[in-house]
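Take a look at the model below.

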Amino acid sequence: MKQPKISIVIPVYNAETYLDECVQSILHQTYNDIELILVNDGSKDRSHEICKQYVHKPNVKYIEKDNGGASS
């Protein structure tokens, strides 16, 4: 039986200090059927540039939106 695909959503807001380490940790898991969705909620720091480094990977999606808070 094939294991289900897992989607991991990471909300990003001014997270440049720890964002790279967070994404690397997820991408280096032993379970390979992972979809990673990075949602940038209007960051004012380098979070956008860090997220863009990962969009070339087939299992990473990047969404950029205006700041709306955690519930948006």
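This is a predicted model: local features need pLDDT of at least 70, side-chain atom pairs count only at pLDDT 80 or more; totals for chains, interfaces and linings use all residues.

Residues are numbered from 1 along each chain as its sequence is written, and side-chain values use heavy atoms, with hydrogens and water left out.

Three strands lie in the order 1-2-3, with parallel pairing. Strands are DSSP runs of E, at least two residues, and helices are runs of H or I, at least four, both numbered from the N terminus. Two strands pair if DSSP finds at least two bridges between them. Strand 1 (6-12) and strand 3 (60-65) form the edges, each pairing on one side only. From one strand to the next, the twist averages 15°. Axes here are lines fitted to C-alpha atoms, for helices over the stretch in contact, and angles run from 0 to 180 degrees between N-to-C directions.

Seven parallel bridges join strand 1 to strand 2 (residues 34-41). Ile10 has Leu38 of strand 2 as its bridge partner.

Finish at Ile37, in strand 2. Is Ile37 buried or exposed? Ile37 counts as buried because its relative accessibility is 17%, and buried means under 20% relative accessible area, with a 1.4 Å probe and protein chains only. Leaving out residues up to four places away in sequence, Ile37 touches Ile8, Val9, Ile10, Lys61 and Ile63. Contact means heavy atoms within 4.5 Å.

Note on methods. Buried means under 20% relative accessible area, exposed over 50%, partly exposed in between (1.4 Å probe, protein chains only).
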